[in-house]
Amino acid sequence: MKITVTENTTLLEALEKQFPDSNRTHLKKAIRYGCVLQDNIVLHRPEILLQAGSQIEFKTYRSRETSRRPAPFKILYEDDYVLAVIKPAGILSSGRTTEKTRSMFGMVNHYLQQKSRGRERAYTVHRLDREVSGILLFTKTEEAKYNLQDTWQDVEKHYYALVHDIPAKEKATLQSFLKENARQVVYSVPDEEPDSKWAVTHYRTLGYYGWKGEKTAWQDALFTLLDVKLETGRKNQIRVHLSDMGCPIVGDRKYGADPKVNRQVRLYAYSIRFPHPMQERAVKLEMPLPAHFAYVTPQTEY
């Protein structure tokens, strides 16, 4: 039921005017249980001020319950403080959600608001590049966010990366100072410079592949699957470091990938281990190698 507020008033007073036969206790209970929304946001405080001309929506208990929808994303882990989701490639980690640009923060925040009837919201802990998919963490309280960020040096993150060619070593550590130019391209510099940040990346080889995901011996390989571990978390760090060693990530044309293959960036955040922000325990989350992750064909076949 849509209700248009005719004068500046509180939420409770607006409902009393709309439902003169209902008592205040019943209306307060309806507010507390999430039956009143404005712009799809649940209003929980009877004393909240409403402006003349604004519109609210009143739902019965039954319609409120049946209006809930499953989360529009995969939830890997959830407790009272932490929510871990799988971010698809092509979606921003955070940012304002609009009709043209979605973000995981916007979707997760909306999910928590609806699920908790407005009592919970999402807090951004870290980010994945727009082109990167995989595990992304949010917290449900500001305290949990800051606690987790304060112990971020203890977080262990691993990625699957499918790269062109074969690295010179089966495993190695890549390190450099990184800077970003005006075109938002990150690059390595030989020595520390103003605005540069030290970055360290470890990798080890998992397997070798040819076209269409065919496993091969290293002598016949066109692509190599790597397990990449981050020691620091700089913007585009993995993409720059792998490109620097002559093995750009498949599909990552921004950092030198072969344009003959599909543009999809084959970088997936598959594992994260972190100290729980409110409990004395560690949490480890892990996903298997996505199906068809190593399946690559020439661009002409897409």
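1. The lining of the largest cavity comprises five nonpolar, two polar and one charged residues, where Ala, Val, Leu, Ile, Met, Phe, Trp, Tyr, Cys and Pro count as nonpolar, Asp, Glu, Lys and Arg as charged, and the others, Gly among them, as polar. The residues in question are His 126, Ile 135, Lys 157, Tyr 159, Ala 269, Tyr 270, Ser 271 and Ile 272. Strand E11 (156–164) and strand E16 (267–275) are the elements that give two or more residues to this lining, and E16 has the largest share, with four residues. Helices (H or I, at least four residues) and strands (E, at least two) are DSSP runs, numbered from the N terminus.

2. This is a predicted model, in which local features need pLDDT of at least 70 and side-chain atom pairs count only at pLDDT 80 or more, while totals for chains, interfaces and linings use all residues. Residues are numbered from 1 along each chain as its sequence is written, and side-chain values use heavy atoms, with hydrogens and water left out.

3. The mean pLDDT of the chain (pLDDT being the predictor's confidence in each residue, from 0 to 100) is 89, and 94% of the residues reach 70 or more. Over residues 62–67, however, pLDDT stays under 50, and the model has seven contacts beyond four places in sequence for this stretch, a contact meaning heavy atoms within 4.5 Å.

4. The structure holds one cavity of 30 Å³ or more, and the volume of the largest cavity is about 40 Å³. On a 1 Å grid over the protein atoms alone, a cavity is a set of points where a 1.4 Å probe fits but cannot get out, and a pocket is an open set with protein on both sides within 12 Å along at least five of seven lines; lining residues have an atom within 4 Å of a point. Grid points are joined across faces, edges and corners, and a volume is the space filled by probe spheres set on the points.

5. The largest pocket has a volume of about 750 Å³, and of its 27 lining residues the closest to the centre are Arg 127, Leu 128, Asp 129, Lys 235 and Asn 236. H6 gives the most to this lining, with three residues, and by class the lining has 10 nonpolar, eight polar and nine charged residues. The second largest pocket holds about 230 Å³ of space, and its lining has three nonpolar, four polar and six charged residues.

6. There are 14 salt bridges in the structure, each a side-chain nitrogen of Lys or Arg within 4 Å of a carboxyl oxygen of Asp or Glu. Arg 239 meets Glu 131 in one of them, at 3.1 Å from N to O; Arg 239 is in helix H6 (residues 237–244) and Glu 131 in the loop between strand E9 (123–124) and strand E10 (133–139), 108 residues apart. Arg 239 also forms a salt bridge with Asp 252, the closest N and O atoms being 2.8 Å apart, and because Asp 252 lies in the loop between H6 and E16, this pair ties together parts that are 13 residues apart in sequence.

7. Arg 239 counts as buried at 2% relative accessibility, as does Asp 252 at 2%, whereas Glu 131 is partly exposed at 31%. Buried means under 20% relative accessible area, exposed over 50%, and partly exposed in between (1.4 Å probe, protein chains only).
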